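Subject: Structure for your review, with notes

Dear colleague,

I am handing over the structure below, together with my reading of it. Please look through the coordinates first, and then compare them with the notes that follow.

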Protein chains: 2
Amino acid sequence: MSREAERPGLRERKKQETRIALSWAAIRLAVERGLENVRVEDIAAEARVAPRTFNNYFSSKGEAIAARHLDRARLIAQELRRRPASEPLWEAIKTAVLTQLAMGEEYDARQPDQQWQTGIQLMVSEPSLQGEMLKANAIAEEELAAAIAERTGTDVARDLYPRLVAGAAGAAIRVAMDQWLRADPPVPVRPLIEDALDRLAAGLPEP
Amino acid sequence: MSREAERPGLRERKKQETRIALSWAAIRLAVERGLENVRVEDIAAEARVAPRTFNNYFSSKGEAIAARHLDRARLIAQELRRRPASEPLWEAIKTAVLTQLAMGEEYDARQPDQQWQTGIQLMVSEPSLQGEMLKANAIAEEELAAAIAERTGTDVARDLYPRLVAGAAGAAIRVAMDQWLRADPPVPVRPLIEDALDRLAAGLPEP
DNA sequence: ACAAAAAGTGCGGCTTCCGCAAATTTACGG
DNA sequence: CCGTAAATTTGCGGAAGCCGCACTTTTTGT
C-alpha cells in the first residue's frame, strides 16, 4: 500500500475510458435503433467488455446515456471556479456556461457533436430518460451551488443563497436548451441562454 | 354509448381511490421497513388488489410513492389560476404556494401529515426515489408554466418567459423545502419559501 | 519481480415490468 | 329492471434488468 494521492494513475485513466466508451456505445445504439431495442449485452459488446461489467459502471441503461450529459454539466461549476473573483457573479455564471458550451463544441468537433445533439433529443423525448436527465442536472446543480458558495463566501449548508442561485440558473439553462431544441427554424443557443440568465438577474419582470 | 363529459363518474372515483390507496400503501410500507424490503406484491396486498393491477396504475414502486408528492405539487398551478388577475404575478405565485401548503396541512391534519413528512424525507434520502421526485417536480412545473402563460398573456410554446418563471419558482420552492427538511432545530416552512421567492423576484442579489 | 489491491468476469437468482386474453365490474339505453 | 358494450381487474408467462458473490486478470508500489 501507499498514499492515495496519485494524480492521473494509468488505472484511473482506463476506467474513465471504459466509462466513456460504454456511455457513447449506449447513446449510439439507442439513437440508431431506439432505446427499447438495445440490451445491456449489446452495449457491453460495443465497448468490448463483459455484460456484467456494464453494471459496475452504471446501474441502468438510462444512467449510461445520461452520463455524457452529466459530465458536460459538471464542467459549468468547474468553469465558474476559474473565473476571476472580481467578475460580478451573474457575469461569471453566464461566461462559465457559454465557455462550457464552446468547449463542448470544440471538443467533439468532427462528428460526435451531431451525435450529441441527437443524444439530447433522445433524452428529452424518451420518458425513461427524462428522469436520468433531471438527476444529472440536480447533481450538477449541487456542484454549482458549492462553487457559488465558495465564490460568494456563503455556506451551502446554512444559507439559502447559493443553492437558490444554482437552482435558478439551472432552470434557466434547462429552459433555454429546451427552447433551442424545439425551435423549428433552428436558432443559435447562446442568445437564448444569455437572455434567460439576464432576465433572471433582473428579477424576471413581466414582459 | 353516450357523451363522455360525465363529471365525477362512480367509476372514475373508484379508480382514484385505488390509485391513492396504492400510493399510500407504498409510502407506508417503505417508511416502515425500507424501500428495498417492499415488493410490489406487498403493496398490492395492502391496497387489496392483485399484483398485476399495481402496474396498471404505476410503472414502478418509485412512481407510486412520488404520486402523492406530484398531486400536491399540481395544486400550486390550480391555485394560481384562482388568484385574481389584478394581483401582481409574484404575489400571486407566493400566495398560491402558501395556500397549497396550508391546504395540505389541513387536509391530512390528524396523522397522515406526520407520515407525509416522513415520506418526503424518505424520498430525498433514497437515491432511486430522488429521480421520481424530480420527475414529479418537472411535471408540476409544466402545469405551472401553463398557468403563468395564461395569466400573463404569453405563449408557452414560443416565449421563454412562462417556463423561465415556472422553473425558477420551482427551484426556489425545492431549495426552501430542502432547507426546511434538513434544518436541525426545526424552523417554519413559510418564511423560508417567502424568502426564496422574494429574492428571486429581486434578481437574486448577493447577500 | 512480488504481493496486495483493484477492476473485470461468470454465474445464479430474484424482481420488475409488460403483453395478452379471460373474467369481472360498471355504464347506459330501452 | 335487463342486456349489451366498454372499461377495469386479474392471471399467466416471459424477457430483461439488476445485483451479490466468488474467481480471474491486471495494475500498483516496493
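What pattern does chain A follow when it is read along the sequence? The pattern is α-α-α-α-α-α-α-α-α, and the secondary structure of chain A accordingly comes to 9 helices and 0 strands. Please bear in mind throughout that this is a predicted model.

On confidence, chain A averages a pLDDT of 90, and 89% of the residues score at least 70.

For chain A as a whole, 37% of the 207 residues count as buried. Among the contacts in chain A with a separation of 6 or more, 60% are accounted for by residues 24 or more positions apart.

The two copies

Chain A is superposed on chain B by a rotation of 180° with 0.0 Å of shift along its axis, with an RMSD of 0.1 Å. That is the relation of a two-fold axis. The residue of chain A that comes closest to the rotation axis is A:Gly203, whose C-alpha lies at 1.8 Å.

Across the interface, 32 residues of chain A are in contact with 32 residues of chain B. On the side of chain A that touches chain B, at least two residues are supplied by each of α7 (127–152), α8 and α9 (189–201) of chain A, and the largest share, 13 residues, comes from α8(A). By type, the residues of that side divide into 18 nonpolar, 8 polar and 6 charged. Because 100% of the interface residues of chain A are also interface residues in chain B, the copies meet through the same surface.

The 26 residues of α7(A) should span 38 Å at 1.5 Å a residue, and its end C-alpha atoms are 37 Å apart, which agrees. Just after α7(A), A:Gly153 takes a positive phi of about 70°.

Leaving out residues up to four places away in sequence, A:Ala166 touches A:Glu141, A:Leu144, A:Ala145 and A:Ile148. A:Ala166 and A:Ala146 are 20 residues apart in sequence, and their C-alpha atoms are 8.8 Å apart in space.

The nonpolar core

Which members of the largest nonpolar core touch the most other members? Of its 110 residues, they are A:Ala168, A:Ala172, B:Ala168 and B:Ala172. Leaving aside neighbours within four places in sequence, A:Ala172 is in contact with A:Ala196, A:Leu197, A:Leu200, B:Leu164 and B:Gly167.

A:Ala50 lies in the loop between α2 (40–46) and α3 (51–57) of chain A. With 11 other C-beta atoms within 10 Å, A:Ala50 is exposed, the limit for that class being 12 or fewer. The C-alpha atoms of A:Ala50 and A:Leu197, which are 147 residues apart along the chain, are separated by 44 Å.

A:Arg48 has its place in the loop between α2 and α3 of chain A, and its phi is near 60°, a positive value in a residue other than glycine. With 11 C-beta neighbours inside 10 Å, A:Arg48 counts as exposed. In chain B, the phi of B:Arg48 is near 60°, its place is in the loop between α2 (40–46) and α3 (51–57), and B:Arg48 counts as exposed with 11 C-beta neighbours inside 10 Å.

With best regards

Notes
Residues numbered from 1 in each chain as written. Chains lettered and ligands numbered in written order. Predicted model: local features only at pLDDT ≥ 70, side-chain atom pairs only at ≥ 80, totals over all residues. Contact = placed C-beta atoms within 7 Å. Helix = DSSP H or I, 4+ residues; strand = E, 2+ residues; numbered from the N terminus. Nonpolar A, V, L, I, M, F, W, Y, C, P; charged D, E, K, R; others polar. Buried ≥ 20, exposed ≤ 12 C-beta atoms within 10 Å, placed from the backbone. Expected span 1.5 Å × (residues − 1). Least-squares fit on C-alpha atoms with pLDDT ≥ 70 in both. Core = buried A, V, L, I, M, F, W, Y, C linked by C-beta atoms within 7 Å. pLDDT = per-residue confidence, 0-100.
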